[in-house]
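Try each task before reading its solution.

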Amino acid sequence: PSVPRHTNRLINEKSPYLLQHAHNPVDWYPWGQEAFDKAKKENKLIFLSVGYSTCHWCHVMEEESFKNKEIGEIMNKNFVCIKVDREERPDVDKVYMTFVQATSGGGGWPMSVWLTPDLKPFVGGTYFPPEDGVHRVGFRTVLLRIAEQWKENKDALLENSQKILEALLHRSEVRVRGQESPPPSEQVMATCFQQLSSSYDEDYGGFSESPKFPTPVNLNFLFTYWALHRTTPEGARALQMALHTLKMMAHGGIHDHIGQGFHRYSTDQHWHVPHFEKMLYDQGQLAATYSRAFQISGDEFFADVARDILLYVSRDLSDQAGGFYSAEDADSYPTTTSVEKREGAFCVWEAEEIRALLPDPVEGATEGTTLGDVFMHHYGVKETGNVSPMKDPHQELKGKNVLIVRCSPELTAARFGLEPGRLGALLREGRQRLAAARVQRPRPHLDTKMLAAWNGLMISGFAQAGAALAEQQYVSRAVQAAAFLRRHLFDPASGRLLRSCYRGRADTVEQSAVPIQGFLEDYVFVIQALFDLYEASLEQGWLEWALQLQHTQDKLFWDPKGFAYFSSEAGDSSLLLRLKDDQDGAEPAANSVTVTNLLRAACYSGHMEWVEKAGQILAAFSERLQKIPIALPEMARATAVFHHTLKQVVICGDPQGEDTKEMLRCVHSVFSPNKVLVLADGDSAGFLYRQLPFLASLERKDGKATAYLCSNFACSLPVTSPQELRGMLCP
């Protein structure tokens, strides 16, 4: 490799995204005091560029503009340039994204925003091409015009930026007005179901034409809706919508049939041609959702998909110290000698490659059939490629195939005169050979940053799959990751979480010089993970830590005036707004998940003020929940959990006893959205007995493992058989 011509301050950062820009001719600064001071001292505008390492258009803008020497000179002369990794600093990203969405009607990454020296935004957009085109003004022109305006009309700009800020403050406020109570759960659930139902794609599943995102929050809402309306036609439809969507996604090209795991989203209606990056937060949520689908349906198909996701994460996104990496990129070099990266190059196939890898004649099939014929037919492979030019504007996928299951196993078997039972083994052999060939290709860039929030979502995925599929190895992996969080992303002295850590040289785990403190989402997703991990492992230490973190979260983020939690803590003067996220999207909003966390925390501790807080959050979001609950499906789901009161399923028994294990297996095999599991092991000095005195009054009947169903700390009659327990859990 040649010696780079340029090196800027980003070379000292740990974020893989910032390091990617360390050799641009742009004099980039990281977000921080040094850059702010320079802007003030030199009275310069700030150009803020926000992206993340697996963002395709971020790479494009870097190649076209930030690597361009002339554009770099214009930037350095007129602006203080700041680069932010939105995954490290979601707080900075949200403040300016709120501005870009409000002023341009759209948003996305790379985000490009110009700020006054006191950090107020006055103009912004997303991707800019380098030069003027027919329809778009180029980045070079925008830079020169803004620099000119700052020279000519400084006062007007400053005044305008102040007005914009005031409007944003007003627009983005979420608070309780007057004496609002939580909205009526039945109505919120019914409206959310109707809104999802009317946007549902009957043919291919999912809830939009295109692009199509997995959005596990929608599917989890539908599962809960079904559980509360099992006997109604609406309940049946809710379940059918969720299971059909999960099936179509698993068959689609958004699912990596060779390398496992799921890509970020599909560019078309059929789940066929994806944007190829793979994000940790999707794997974590989808592993949990497919495990729930298995619990509900008993169909092994869903269990296999959950296993497939966890195999991918264990193999490709796992640090040896126990943490999980953030993402894998979409772009990679097609071959070891290629000079430019292409989107999807690691994952796509030419028909002749597949023929060459699978030439074997198939015994017992129609004369002349090869393994390649069977495989290509089943996965929709075409000689000329199976990607429509409409979905491939840059012609990066011309002649290539994105595998998608086009036929049922029965149909493929019939087409080649095969016994249906033999097809599975043939396809498995084909997939293994393609996987072995693919390993020879250059791998896409791996973002080895480890985030507390996303690690939390992934721990929940492993823990829930471990419990629902009765796979102890998944629970052990979740325990290993939780221990990693405790060791590397938690400060025991202050009791606070940290946002991120990084894979260093020689596979060590490193921290930045000034560690980034955890945000609301870090606390919320980690607390959720610890509750899920307790239910799967029954180790009380995880519960104790979860409750400690909940107290810290209350202290740092709660809004005592308007209710609900702010996304970031007070006291950072560089943040213009403290926001509350009001959208459950690719990831659920932190306030949505925290409602259920608070209700679970109250069940494990007896602190009833947590139930009150949960109600106050629902009250703060009441208007949105009643009008457009489809924007907050996870919070809509939580209104039902709040309304129906969580039931404590208490199993009294010896943790090692076979009878206790049988009762626990029964609890884990049933989908019941409003239960928490408590193992009363008889250790009266233990954490749970100290927290919940009523446990001492529950005993084992006739010395056998005994289950009680308790609500508000009053309990049902005891049952000692798994059958009776199942009856109580599925009324």
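**Exercise 1.** Is Cys501 buried or exposed?

*Solution.* Keep in mind that this is a predicted model. Residues under 20% relative accessible area are called buried. Cys501 has a relative accessibility of 1%, so Cys501 counts as buried.

**Exercise 2.** Find the disulfides and describe each one.

*Solution.* Start with the cut-off: the two sulfur atoms must lie within 2.5 Å. The count comes to two disulfides.

- Cys710 is joined to Cys715, S to S 2.1 Å. This link has 105 degrees about the S-S bond and is right-handed. Cys710 is buried at 1% relative accessible area, whereas Cys715, at 31%, is partly exposed.

Now number the bonded cysteines in sequence order: the pairing reads 1-2, 3-4. Cys652 is in no disulfide, as its nearest cysteine sulfur, that of Cys710, is 8.3 Å away. Cys652 is buried, with a relative accessible area of 3%.

**Exercise 3.** Which residues of helix H2 (residues 33-42) are buried, and what do they pack against?

*Solution.* First, pick out the buried residues of H2: Ala35, Phe36 and Ala39. They span an arc of only 100 degrees around the axis, so they sit on the same side of H2. Next, look at their partners: strand E1 (29-30), strand E2 (45-51) and strand E3 (79-85). Finally, step just past H2, where Asn43 takes a positive phi of about 50 degrees.

Terms used:
Residues numbered from 1 in each chain as written. Predicted model: local features only at pLDDT ≥ 70, side-chain atom pairs only at ≥ 80, totals over all residues. Heavy atoms only, no water. Buried < 20%, exposed > 50% of the residue type's maximum accessible area, 1.4 Å probe, protein only. Helix = DSSP H or I, 4+ residues; strand = E, 2+ residues; numbered from the N terminus. Arc of directions from axis to C-beta. Contact = heavy atoms within 4.5 Å.
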